[in-house]
Amino acid sequence: MKIHLWPKIFLFACIASLFASSCTSKKEERDAVDLDFFNNEINSAGRVHEGDTVVWNVVPTDSLHPIDSVIFFIDGKELTTTDSLPFPVRIQTEGLAMGQHLLTAKASSKGTSIEKTTAFTLMARSAPQAFVAKAVKSYPHDPKLYTQGLEFSGNQLVMSGGQYGQSSIRLVDWKTGKVAIERKLEASVFGEGCTVLGGKVYQLSWKELTCFIYDAKTLNPIGSFKYPRAIEGWGITNNGKELIMSDGTNKLYFINPKNPSTISRVIEVFSHEKMVDQLNELEWVNGSIYANVYMTDDLVGIDPQTGAVKSFIYAGGLLSASEAENAEVLNGIAYNPATKTLFLTGKYWPKLFEVELAKGK
Ligand SMILES: [Ca+2]
């Protein structure tokens, strides 16, 4: 008997299933107000270049439910409202930060509304200006220092050294390489970048989430703060007001030293063709941020407002073959406002180079 029941159960299940699916499709038809973004100026990867005007159309895909108006939002901020087909929006990208921007359209149709979001990635306007760093002069540098940070403080260089058990912060006579003051860090701390702001030296640690603060003249410790986010500490510089920190990604974090518990701004660094990550040692040079790209001989000059890469500096070949034997990567940029020149060194480098920038690749 049981065997004879199966066909009936199966038939019932089929009818129920058909009924359910027909109900669903009717419901969808009744409620549907669908739309699509359309833009033929953006390439398939969703990339737009700085200065481009993005014209975006929202195309209603449901002719039964005409759209009355569309409100556009960019990164959650209301941009404009339009009520004429094909509901176009024009986005001026001049001055927008590099990286991903979310564009949301909220369309209304007779009391109902639907939201849809798309994204585009903004990249630098054009190829960066290319330079080559050429050594003008060289000075002694401690070949035992795993250099992590370099910045002028008056007539001296502040140098930060890394590695667990060997990390330090130093004030050094830049012409002779003579160490005037040195403070060792605890063995559990890996020193990273350093910068001087308002009579204080700020020194990052790698994974210890702590920025150490010293008096700039004596290097006496005067405090510390925890990073506002659980990020790694790589490089640090400042714009005269804010600390600017890298963490090995393409992001730079702006922190007000008077309120270091929050990040005031984040920029993402992009050239005209790609995201530029592994940003390491930093230096503020005449309104631009210069950054080492870790594991390369390359430096990039970054617009601090937008994150666009404006210049590219190749700094390979500074060390001779014998000098390079025990040296590791380039990691140290310092601008001397007195000489108006750039100084470069690296991890375990025996020399500090004063360089000039020649045009070319
Ligand atoms: Ca520096």
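Student: What helices and strands does the chain have?
Tutor: Two helices and 28 strands. Keep in mind that this is a predicted model.

Student: How much of the chain is buried?
Tutor: Of its 361 residues, 33% count as buried.

Student: And what share of the contacts comes from residues 24 or more positions apart?
Tutor: 54%, taken over contacts with a separation of 6 or more.

Student: Let's talk core. Which residues touch the most other members of the largest nonpolar core?
Tutor: V269 and L344, in a core of 71 residues. Domain 1 (35-123) and domain 2 (129-359) both give residues to this core, so the core lies between them.

Student: What does L344 contact beyond its sequence neighbours?
Tutor: Leaving aside residues within four places, L344 is in contact with A133, A315, L318, L330, G332, I333, F353 and V355.

Student: Switching to sheets. What is the strand order in the open sheet of four?
Tutor: β10-β11-β12-β13, with antiparallel pairing. β10 (147-153) and β13 (179-184) each have a single partner strand, so one side of each has no neighbour in the sheet. From one strand to the next, the twist averages 15 degrees.

Student: How many bridges join β12 to β13?
Tutor: Five, with β12 covering residues 168-173. Across that pair, V172 stands opposite V179.

Student: Now the hairpins. How do β15 and β16 pair?
Tutor: Antiparallel, over five bridges. β15 spans residues 200-205 and β16 spans 210-215. V201 has Y214 in β16 as its bridge partner.

Student: Which residue in that turn has a positive phi?
Tutor: L209, at about 60 degrees. The hairpin has four residues between β15 and β16.

Student: And what about β16 with β17?
Tutor: Those two are antiparallel, over five bridges, with β17 at residues 221-226. T210 stands opposite K226. This hairpin has five residues between its strands, and L219 takes a positive phi near 60 degrees.

Student: Last one, H101. Where does H101 lie?
Tutor: In strand β7, residues 99-109.

Student: Why is H101 classed as partly exposed and not buried?
Tutor: H101 has 19 other C-beta atoms within 10 Å, and a residue needs 20 or more to be buried, so H101 falls in the partly exposed class.

Student: What does H101 touch?
Tutor: I74, D75, L96, A119, F120 and L122, not counting residues up to four places away. H101 and L122 are 21 residues apart in sequence and 7.5 Å apart in space, C-alpha to C-alpha.

Definitions and conventions. Residues are numbered from 1 along each chain as its sequence is written. This is a predicted model: local features need pLDDT of at least 70, side-chain atom pairs count only at pLDDT 80 or more; totals for chains, interfaces and linings use all residues. A residue is buried if 20 or more other C-beta atoms lie within 10 Å of its own, exposed if 12 or fewer, and partly exposed in between; C-beta atoms are placed from the backbone. Two residues are in contact if their C-beta atoms, placed from the backbone, lie within 7 Å. Two strands pair if DSSP finds at least two bridges between them. Axes are lines fitted to C-alpha atoms, for helices over the stretch in contact, and angles run from 0 to 180 degrees between N-to-C directions. A nonpolar core is a set of buried Ala, Val, Leu, Ile, Met, Phe, Trp, Tyr and Cys residues joined through C-beta atoms within 7 Å. Domain bounds come from an automatic or database domain assignment.
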